[in-house]
Amino acid sequence: MRFPKEYKYTQDHEWARVEGKTVTVGITDHAQSSLGDVVFLELPKVGRTLKKGEAFGVVESVKAVSDLYSPVDGKVIEVHSDLVDDPGTINKEPHDGGWLVKIELTSADGAAHLMDAAAYEKLVASL
Amino acid sequence: MLKRTALFDEHVRLGGRMVDFGGWELPVQYTGIIDEHLACRGAAGLFDVSHMGEFHVEGPSAAAFLDFAVTNHVSKTAVGQAQYNVLCHPSGGIVDDLVIYRRADDRFLVVVNASNTDKDFKHFQGLLNDNRSRFSGLKLENHSAEYTQIAVQGPKAEAILQKLTETRLSDIKTYRFAEGKVCGSITAILARTGYTGEDGFEVYCPWKDGPTVWKALIEAGTPMGLKPCGLGARDTLRTEMKYPLYGHELADETNPLEAGLGWVVKFDKGDFVGRGPLEKIKAAGPARKLVGLEVLDRGIPRQGYRVLTADGREALGVLTSGTQSPSLKKAIGIAYVRADHAAAGTDVSVEIRGTPVKAKIVPTPFVNQKK
């Protein structure tokens with residue numbers, strides 16, 4: 001199980017890579033492993049405004065359906081739409097090739113509320 | 001405390017992801033559902049199904065008792081034959097579906113769903129207690145804890161199992177079985193039955209011998225492409241065949257005629273539990289029917305989703321199972337729909353997260369259709 005140090009994490013098992021005002025979002029290695037083979041993905045449209053914790057899409061494996069939650073307040077500025085045709089990439093490269101959306105931060109709080117890798121690893125270990 | 005089969009340590013060793021399945025700790029997958037599913041369709045899959053319940057029904061009145069208890073004509077089976085059956089409430093609702101193996105004229109093995117084992121056994125006991133004089137000398141016993149049941153399924157299943165036994169497997173026809181030995185001296189029932197739509201066998205052996213048989217099958221089968229398969233692949237394999245699963249397609253409130261199991265309800269035998277109500281349903285035609293459907297736009301149908309008319313305005317029924325078919329790479333589902341919309345080719349829609357998505361009723365099984 002990988003927990004990249006430079007990423008931030010949510011309790012809903014999303015990761016966030018923060019670069020200035022842009023936050024790239026995906027699901028964690030733990031999330032993809034729990035889901036199993038990902039076969040379906042539903043992503044939001046560019047321009048949609050999201051609140052922290054708001055569902056912005058759906059990921060489905062053969063067995064399970066899971067909502068995707070925004071880690072931050074912001075606006076969707078880019079969507080990884082190619083992934084919809086090849087959602088299995090999420091299993092293979094959850095932390096890079098499997099990124100889902102890029103969100104532009106709108107709140108002053110930014111991403112400060114998110115967990116660091118050590119805290120998230122501890123959370124996963126407790127499950 | 002979850003129950004474990006004799007093969008628990010083997011599953012852990014093979015990297016199985018263990019989950020709670022009706023009180024049993026069993027692997028949902030090892031390498032991945034799609035990988036395991038395709039291995040079973042292409043070569044062979046190995047399944048631990050020891051959680052299933054096994055009853056012995058024995059005595060001179062055993063066949064008559066089973067004819068009374070279940071819907072199919074048990075007394076017509078030959079020794080060495082297995083028969084698919086439905087156990088009904090007096091209302092015609094389904095207690096369980098099960099397979100009955102005739103081991104002798106007066107000796108039957110009844111195999112039931114794991115989660116229904118206690119319910120089914122009480123049901124059989126109740127029938128016997130209410131009809132003691134009619135079925136005198138009948139022995140009804142729950143031996144579930146004594147059997148390991150392993151399914152080896154797929155086009156290579158016979159070749160793999162043959163390496164473990166001197167019983168000539170090619171002599172065993174579909175839904176027939178033989179009693180023989182595996183791995184030298186282990187007594188086993190070798191049945192050409194299964195739940196995947198592939199050719200294959202279910203092997204019943206003593207509980208404690210499970211690991212020996214399992215390991216021997218892994219060893220014999222791996223070079224031929226066999227993979228251990230978890231509950232996830234078992235579910236997608238049976239869904240592609242539209243085989244019903246209790247708790248999904250079958251329930252106390254559903255009857256075998258609407259479930260498409262009329263072929264195992266034999267009205268040309270004597271009285272049986274549920275006969276009256278089932279006769280009425282047959283005469284009137286079931287109000288809803290179990291169908292297969294394919295989603296044509298983006299989305300995967302799931303149990304509990306509603307089936308609507310093509311324009312999305314009227315409710316037609318409900319999904320009982322659904323998945324992305326690993327073999328067809330299409331989103332497929334099984335649903336109860338109003339009988340007037342049940343014909344193959346009918347355009348419908350499935351309500352996925354509040355939106356009607358285009359779908360069509362299709363012929364089933366989804367795969368392995370006879371040419």
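Which residues is B:Val152 in contact with, leaving aside its neighbours within four places in sequence? Before answering I note that this is a predicted model, in which local features need pLDDT of at least 70 and side-chain atom pairs count only at pLDDT 80 or more, while totals for chains, interfaces and linings use all residues. Residues are numbered from 1 along each chain as its sequence is written, and chains are lettered from A and ligands numbered from 1 in the order in which they are written.

**Entry 1: B:Val152 and the cores**

I looked up B:Val152 and found it in contact with B:Ala44, B:Leu46, B:Ala157, B:Ile160, B:Leu161, B:Gly200, B:Phe201, B:Val203 and B:Leu217, where contact requires C-beta atoms, placed from the backbone, to lie within 7 Å. I then turned to the largest nonpolar core, which has 120 residues, and noted that B:Val152 is listed with B:Ala44, B:Leu66, B:Val110, B:Ile150 and B:Val203 as touching the most other members. A nonpolar core here is a set of buried Ala, Val, Leu, Ile, Met, Phe, Trp, Tyr and Cys residues joined through C-beta atoms within 7 Å. A residue is buried if 20 or more other C-beta atoms lie within 10 Å of its own, exposed if 12 or fewer, and partly exposed in between. A second, separate core has five residues, including A:Tyr7, A:Trp15, A:Leu114 and A:Tyr120.

**Entry 2: strand 9 of chain B**

I checked the strand that spans residues 147–153 of chain B and found that seven of its seven residues are buried, so strand 9 is largely enclosed by the rest of the structure. Strands (E, at least two residues) and helices (H or I, at least four) are DSSP runs numbered from the N terminus. In a regular strand the side chains alternate between the two faces of the sheet. Here B:Tyr147, B:Gln149, B:Ala151 and B:Gln153 lie on one side of strand 9 of chain B and B:Thr148, B:Ile150 and B:Val152 on the other, and all of them are buried.

I also followed the pairing, for which DSSP must find at least two bridges between two strands. Strand 3 (residues 44–48) of chain B is joined to strand 9 of chain B by four bridges in the antiparallel sense, with B:Asp48 opposite B:Ile150. Strand 12 (residues 200–206) of chain B pairs with strand 9 of chain B over seven bridges, also antiparallel, and there B:Pro206 is the bridge partner of B:Tyr147.

**Entry 3: B:Leu98**

I located B:Leu98 in strand 6 (residues 94–104) of chain B, where it counts as buried because it has 23 C-beta neighbours inside 10 Å. Not counting residues up to four places away in sequence, B:Leu98 touches B:Asn85, B:Leu87, B:Val110, B:Val111 and B:Val112.

I compared two lysines of chain B. B:Lys242, in the loop between helix 7 (231–240) and helix 8 (275–284) of chain B, has phi near 55 degrees, a positive value in a residue other than glycine. B:Lys329, in the loop between strand 16 (315–325) and strand 17 (330–338) of chain B, also has phi near 55 degrees. Is B:Lys329 buried or exposed? B:Lys329 counts as exposed, with 9 C-beta neighbours inside 10 Å, whereas B:Lys242 is buried, with 22 other C-beta atoms within 10 Å.

I counted three helices and nine strands in chain A. Six strands form an open antiparallel sheet in the order 1-2-3-9-8-5, with strand 1 (8–9) and strand 5 (49–50) of chain A as the edges, each pairing on one side only. Within chain A, strand 8 (residues 74–79) and strand 9 (residues 101–105) are joined by five bridges, and A:Val79 stands opposite A:Val101.

Chain A averages a pLDDT of 95, on the predictor's confidence scale from 0 to 100 for each residue. Of its 127 residues, 35% count as buried.

Finally, I looked at the interface, where eight residues of chain A are in contact with eleven residues of chain B. The chain A side divides into four nonpolar, one polar and three charged residues, with Ala, Val, Leu, Ile, Met, Phe, Trp, Tyr, Cys and Pro taken as nonpolar, Asp, Glu, Lys and Arg as charged, and the others, Gly among them, as polar.

Definitions and conventions: Contact = placed C-beta atoms within 7 Å.
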